Amino acid sequence: MGRSATPYILIFPSFLLAAAVILWPLKEIVSLSVHDVNRFGIMRDFVGLDHFRTLFADPDFIAALWRTLLWTVSVVLGTLVCSVPIAMILNEDFYGRGLARILIMLPWAVSLTMTAVVWRWALNGESGMLNSGLRDLGLIGTNIQWLADASTAFPMQILIGILVSIPFTVTIFLGGLSSVPEDLYDAAAIEGAGAWDRFRTITLPLLRPFINIAFVLNTIYVFNSFPIIWTMTQGGPANSTDILVTYLYKLGFRLGRLGDAAAVSLIMFGILIVFTIVYVRLAMREEQD
């Protein structure tokens, strides 16, 4: 009995810490979402699911929900597609590899908010660096209002989201590539396998567990990412770049609708929980097969 209880005793302090950090705030958010709450956070009457009904009747919430899914899928998949070849190049032995790795990882050390501020300046419709460069190259004749038009603002934010996610993902893939034995590539080359065949039959299968990790972590991170969109456009113009996290911020801190904001946070939490469970189960099933 003592031996079987030892693992539980050892993890009990960690469980208490996790409960204090996660479970208690979750309980408070649930309480807020089912009560009428004033802008000072004082709960009044029990309203049940009224906040959720209000949200799903709000076209801005529905638009933010679909935009969040588009934002997450585009940034995560774009990051994975770009990071695999970059990691493979940095895994090769060439002169200056150390410097190249530093240059790739350096943006990871910069605050995401500061990165968004720099890009907001670069995309300025009147004096931005991007417009100046395109005019010097003769590609445009007049300035483009990159962040003032929804048709260009959101795609540019997705592109920036991909760029800032690459360093973290490349780091994960480099760890995976370093564990692949070189003997496998040598044997495949002797058998006449080309570069694409070696990538398809050796690199990709052995890198798959690391791709799964990067996919899950990036999805959670990007889904909840706030600084890029808020710093660059604050969800504008006309709420056309709002995602759920910026929509939640506006509800809670601008409009004082704390009950609705709590309901949004629970919906986001539920989406991430369902995604994580489904994806992990599918990944585990693939490994077993």
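**Note on a predicted helical model**

1. D242 and K250 form a salt bridge in which the closest N and O atoms are 2.9 Å apart. Both partners, D242 as well as K250, are buried. The structure is a predicted model, and the points below should be read with that in mind. K250 belongs to α11, where the buried residues are L244, V245, T246, Y247, L248, K250, L251 and G252.

2. For orientation, the protein has twelve helices and two strands, and read from the N terminus on, its elements run α-β-β-α-α-α-α-α-α-α-α-α-α-α. The C-alpha atoms fill a box of roughly 80 × 75 × 30 Å when this is taken along the principal axes. Of the 289 residues in the protein, 38% are buried.

3. The largest nonpolar core has 54 residues, and those with the most contacts inside it are L55, W71, F173 and V264. The elements that give two or more residues to this core are α2, α3, α5 (112–122), α7 (150–177), α9 (195–223), α10 (227–232), α11 (244–254) and α12 (258–288). The largest share comes from α7, which supplies twelve residues.

4. Helix α7 also holds I172, and this residue counts as buried because its relative accessibility is 15%, where the cut-off for burial is under 20%. I172 and R67 are 105 residues apart along the chain, and their C-alpha atoms are separated by 27 Å. A second pair, G125 and G175, is 50 residues apart in sequence and 41 Å apart in space, from C-alpha to C-alpha. G125 is found in the loop between α5 and α6 (129–136), and it counts as buried because its relative accessible area is 9%.

5. Returning to charged pairs, the count of salt bridges in the model comes to five. Side chains of opposite charge can pair when their charged atoms come close. One of these bridges joins D50 and R53, with the closest N and O atoms 2.7 Å apart. Both residues lie in helix α2 (residues 50–56), three residues apart, which is about one turn of the helix. The two partners fall into separate accessibility classes: D50 is partly exposed because its relative accessibility is 38%, whereas R53 is exposed because its relative accessible area is 53%.

6. A further salt bridge brings together the side chains of K27 and E28, at 3.1 Å from N to O. E28 has 25% relative accessibility and therefore counts as partly exposed.

7. The surface carries a patch of negative charge in which E92, D93, E182, D183 and D186 gather. Among them, E92 lies in the loop between α3 (59–91) and α4 (97–105).

8. There is also a nonpolar patch on the surface, formed by F12, F15, L16, L17, V21, I22 and L23, which together have about 720 Å² of accessible area. L17, one of these residues, lies in helix α1 (residues 2–33), and it counts as exposed because its relative accessibility is 57%, the cut-off for that class being over 50%.

9. A238 is exposed, because its relative accessible area is 78%. N239 likewise has its place in the loop between α10 and α11, and it shows a positive phi of about 65° although it, too, is not a glycine. With a relative accessible area of 30%, N239 counts as partly exposed.

Conventions. Residues are numbered from 1 along each chain as its sequence is written. This is a predicted model: local features need pLDDT of at least 70, side-chain atom pairs count only at pLDDT 80 or more; totals for chains, interfaces and linings use all residues. Side-chain values use heavy atoms; hydrogens and water are left out. Patches are made of residues with over 30% relative accessible area and no salt bridge: like charges are joined within 9 Å, nonpolar side chains (Val, Leu, Ile, Met, Phe, Trp, Tyr) within 5 Å. Accessible areas come from the Shrake-Rupley method with a 1.4 Å probe; for residues, only the protein chains shown count as cover. A salt bridge is a side-chain nitrogen of Lys or Arg within 4 Å of a carboxyl oxygen of Asp or Glu. Lys and Arg count as positive and Asp and Glu as negative; His and the chain ends are not counted. The place of a charge is taken as NZ of Lys, CZ of Arg, CG of Asp or CD of Glu. Helices (H or I, at least four residues) and strands (E, at least two) are DSSP runs, numbered from the N terminus. Buried means under 20% relative accessible area, exposed over 50%, partly exposed in between (1.4 Å probe, protein chains only). A nonpolar core is a set of buried Ala, Val, Leu, Ile, Met, Phe, Trp, Tyr and Cys residues joined through side-chain atoms within 4.5 Å.
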